[in-house]
Amino acid sequence: MTDKTQVRDPGYRDAMGRLLVLYTQIDKLIMEVCGEKIVSAPDESAKLALAKQVGDESRHVSIQRQWVKQFGTNPAPVISPTQEDQIRDHFRKLPWLDFLADMYVCVEALGSDAVEQIVPLADPGTRESLRIPLTDELNHIHFGISRLKQELAKLSASERHKFLDGLPGRIDKISRALHDLGLNLPGMFEAVGANYNALRQGVLARRDDLLREISAPIPQP
Ligand SMILES: [Fe+2]
Ligand SMILES: [Fe+2]
């Protein structure tokens, strides 16, 4: 049997280990935040989608925890408990529409985009550990973006424009908050073989695609 944990160099292994722990911590936070949101979600279809997502994220946490253990890297948290509290608190306070924007555009869609860009550079074991989570994330993104579009369609034209005009600023704010966590993301991404600038450009292009998609009217049957 080949050892799936055999990787090229210690720098790669440490940095990939840190990114995997970060991804696991974020999935766990998403699980908790979505679990809390079930009660105040506006209708049953939203509650069911959130509950399904809680189950998916729980599975992602188990898969990643198991893989980090096998990978043999430092399992210590990357985000501190205080930072975790701040993130939970941010999402807890958000009204439904803002929750959809921050959770599904910023965290799920743009976060997954960054992870997907890492997949081709990753060792086989890490790639395999990301297969199920990244497939589920596509469903979460689909729910969040289509639900956001439905909610926007219910607003008056001026309210909709106001929200859409503020959306790039919301995305920038979350992105700044992520960098303010002091994680040295550029260093971690470069150490696993990514070109951080190209990765950033890829995420920005995805952001522009999402903004176009969200602004486009829902096609009438
Ligand atoms: Fe996940
Ligand atoms: Fe997700």
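N184, where I would like to begin, lies in the loop between α6 and α7. Please keep in mind throughout that what we have above is a predicted model. With 13 C-beta neighbours inside 10 Å, N184 counts as partly exposed, and its phi is positive, at about 50°, although N184 is not a glycine. I point this out because most residues other than glycine have a negative phi.

Which residues does Y104 contact, if we leave aside its neighbours within four places in sequence? They are A109, H140, I141, G144, I145 and L148. That list leads us to the packing of α4 and α5, whose axes are 9 Å apart and meet at an angle of about 145°, and α4 passes α5 in a left-handed crossing. On the α4 side, the residues that meet α5 include L97, L100, Y104, A109 and V115, while on the α5 side we find, among others, L130, H140, I141, G144 and L148. When the residues of this contact are divided by class, 12 are nonpolar, three are polar and five are charged.

Next, I would like to look at α1 and its partners. With α2, the packing angle is about 155° and the axes are 8 Å apart; because an angle over 145 degrees counts as roughly antiparallel, that is how α1 stands to α2. The crossing of these two helices, α1 and α2, is left-handed, and their contact has 14 nonpolar, seven polar and six charged residues.

With helix α3, which covers residues 81–92, α1 packs at an angle of about 35°, and here the axes are 10 Å apart. In this case α1 passes α3 in a right-handed crossing. The contact is made by L29, E32, V33 and E36 from α1, together with E84, I87, R88, F91 and R92 from α3, and by class it has four nonpolar, no polar and five charged residues.

One of those residues deserves a moment of its own, namely V33, which is found in helix α1. Is V33 buried or exposed? V33 is buried, since 23 other C-beta atoms lie within 10 Å, and 20 or more is what the term requires. Apart from its neighbours within four places in sequence, V33 is in contact with R88 and F91. As for V61, V33 is 28 residues away from that residue in sequence and 14 Å away in space, C-alpha to C-alpha.

Finally, let us move to helix α2, where I63 is found. I63 is partly exposed, having 18 other C-beta atoms within 10 Å. If we again set aside neighbours within four places in sequence, I63 is in contact with S129, I132 and P133. To take I132 in particular, I63 and I132 are 69 residues apart along the chain, and their C-alpha atoms are separated by 8.8 Å.

Key
Residues numbered from 1 in each chain as written. Chains lettered and ligands numbered in written order. Predicted model: local features only at pLDDT ≥ 70, side-chain atom pairs only at ≥ 80, totals over all residues. Contact = placed C-beta atoms within 7 Å. Axes fitted to C-alpha atoms, helices over the stretch in contact; angles between N-to-C directions. Helix = DSSP H or I, 4+ residues; strand = E, 2+ residues; numbered from the N terminus. Parallel < 35°, antiparallel > 145°, perpendicular 65-115°, else oblique. Left-handed = near helix turned anticlockwise from the far one by under 90°. Nonpolar A, V, L, I, M, F, W, Y, C, P; charged D, E, K, R; others polar. Buried ≥ 20, exposed ≤ 12 C-beta atoms within 10 Å, placed from the backbone.
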